[in-house]
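Have a look at the picture, then read on.

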Amino acid sequence: MCGIIGYVGDTAAAPILLKALRNLEYRGYDSAGIATIHNGKVSAEKDVGKIDQVCGKHDLEKLPGNVGIGHVRWATHGDVTQVNAHPHFDCKGEIAVVHNGIVENYRELRTRLEPKHRFVSQTDTEVIPHLIEEYMDAGATLEQAVLQTSRQLKGCYAFAAVCVKEPDRVVATRRESPLVVGANSHRAFIASDALAFLQETNRVVFLEDGEFVILGKTVTFLDQDGKPIKKEFKEVDWKWDQATKQGYDYYMMKEILEEPQAIRQAMMQDRKLLLEMGIGILRSRQVVITACGTSRFAALIGRYLFSRLAGKFCDVIMGSEFQYFSDSIDRNTLVIAVSQSGETADVIQGVKRAKENGAQVYSIVNTVGSTLARMADRVLYLNCGPEIGVAATKTFVSQLTLFYLLAFTMENRLDDGIQQLLDICPLIEQNVKQNNKGLQVLAQKTRDRNDFYYIARGINFAIAAEGALKMKEISYIHAEGMPAGELKHGTLALVDHGTPIVVVAPDDYTYDETIANAHETKARGAFVIGLSEETNPIFDAWIPIPDVDEIFQPLVTVVPLQLLAYYSALARGRDPDKPRNLAKSVTVL
Ligand code: F6R
């Protein structure tokens, strides 16, 4: 997803902007650029490709001046081309803008501006510098022009602007796209994500919708009417070294190995808060969990736990569909929003509608101060540190851990639940070691297969779906996960000689039926990959898992499937950390 950065400080902006953009790389992007202000001139370079490629073609690092803005673009409007890369400029090249989000009414604005302005790109963003230009030409300051411009824009956005007429400042604002301000005694930043500047400072302020910030000699905040407001800087406790590879080839591997620790950290919660939330869930007439992608699969397991341990039924609705159910959401509804980033636009939109209807909102997020955290009546944080690999791994097991804590709290067995979770952590560690080599071999063996099917029953159904999602997003092969019983209702038609079928079959009351479904595929020539405590003659390949109580199985079944996806990506020459077309934080609808 697009990432923006702005900087004003005591040293050259360009190297700092570049470093910040590299820290935002994990979000996923296709082009990059920066603009700085010096000696009454905007200097800018931008191009398609990764930051290193753009730096190979242009001397970004040498752009002069101590004030600047930067951008990594994830194309939404307009092709991936140099001209569509950010920054974008006004007609005179005196104003530069970087933007994250979508200006929904850009066509209308562009039609209005075009008679007097020269547009060069296909982007929605380009209307912003031209609008600022109009207002400044009419006598507005940069601050006033940004304020007036933002009133013209529909949609979600966060943007930052610089102008040669006010060379000492960056002005930025947001609506429904994240923007965080960071500052120390001699440098100030704005960025889409605090990770961008975490090496410089961990003192941050999250801008609210409609607010503005002016980075200059001091940092000034304005409300939506342009009146100065006071906002307090808070320290985020993420450490920069959590966001480095620390010797691993890829973040994804590092983050998989961090999973036992992530479970332990997720357990560090305020018991009073857990109790309040547990009671809130039990007392609500209806509970709806909303999430997207991997977070939704965690939610499906959460739903199972609430039902199994606390006898509480709830529904799970994917974020992008939630708003269409708003007719049945009211003040008796409790919505639980689950999101690693806390910034997923699909989830935010549904939660917003639910709040308008009077629903109460709990959030389960990793990013402190993120939009979903701020929208919620109560928040649980995953506490697992930043996750940089685009594919969610450690945040998934952290989300599961929070669902365990809530479900055990509702059952009044929290201490017992915590002890059982602690006991599982070393089993995961041993299992990773046990499977590591075999999974590499398996990934090589199946590297020419282009369709994978994953089946499971009961609590592990969502794990089959998650295993398939991991496989497709980083290996670029077709993969589907489904309840094992569902296979014969259609998908079986696709099973052919050698088709890999991943059978998640722990030894519980679902085992016999799941194995029976595996036999149905074997009879059609499938290559059966079994995950279970003991092997079975039907398995062509076996992935051992530790023997744990049924309700905890998702924690041990998911890890080998993450590793299988990881090694399959490597076997096919893919970069597991940066899958094509995907973004870490999906801030558009
Ligand atoms: C999969 C993945 C995505 C995210 C989804 C929701 O590995 O990363 O499917 O799970 O985009 O993101 P969050 O959890 O940030 O709301």
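The points below go through salt bridges and then a charged surface patch.

1. Before anything else, this is a predicted model: local features need pLDDT of at least 70, side-chain atom pairs count only at pLDDT 80 or more, and totals for chains, interfaces and linings use all residues. Residues are numbered from 1 along each chain as its sequence is written, and side-chain values use heavy atoms, with hydrogens and water left out.

2. How many salt bridges does the structure hold? There are 30, where a salt bridge means a side-chain nitrogen of Lys or Arg within 4 Å of a carboxyl oxygen of Asp or Glu. Side chains of opposite charge can pair when their charged atoms come close.

3. Take Glu276 and Arg378, a salt bridge whose closest N and O atoms are 3.0 Å apart. This pair links distant parts of the chain, with Glu276 in helix α8 (residues 271–283) and Arg378 in strand β20 (residues 378–381), 102 residues apart. Helices (H or I, at least four residues) and strands (E, at least two) are DSSP runs, numbered from the N terminus. Glu276 is partly exposed at 28% relative accessible area, and Arg378 is partly exposed at 25%. On that scale, buried means under 20%, exposed over 50%, and partly exposed in between (1.4 Å probe, protein chains only).

4. Next up, Asp540 and Lys522 form a salt bridge, with 2.8 Å between the closest N and O atoms. Asp540 lies in the loop between β24 (527–532) and β25, while Lys522 is in helix α16 (residues 511–522), so the pair ties together parts 18 residues apart in sequence. Asp540 has a relative accessible area of 34%, so it counts as partly exposed; Lys522, at 28%, is partly exposed too.

5. Salt bridges that share partners also join Asp10, Arg187 and Glu200 into one network.

6. Is Glu166 buried or exposed? Glu166 is buried, at 16% relative accessible area. Its salt-bridge partner is Arg169, the closest N and O atoms being 3.8 Å apart. Arg169 counts as partly exposed because its relative accessibility is 23%.

7. Finally, Asp507, Asp512, Glu534 and Asp547 form a negative surface patch. Patch residues have over 30% relative accessible area and no salt bridge, with like charges joined within 9 Å. Asp547 sits in the loop between β25 (541–544) and α17 (553–571), and it counts as exposed because its relative accessibility is 64%.

How values were computed. Patch = residues over 30% accessible without salt bridge, like charges linked within 9 Å, V, L, I, M, F, W, Y side chains within 5 Å. Areas by Shrake-Rupley, 256 points an atom, 1.4 Å probe, with all protein chains shown as cover. Lys, Arg positive; Asp, Glu negative; His and termini not counted. Charge placed at Lys NZ, Arg CZ, Asp CG, Glu CD.
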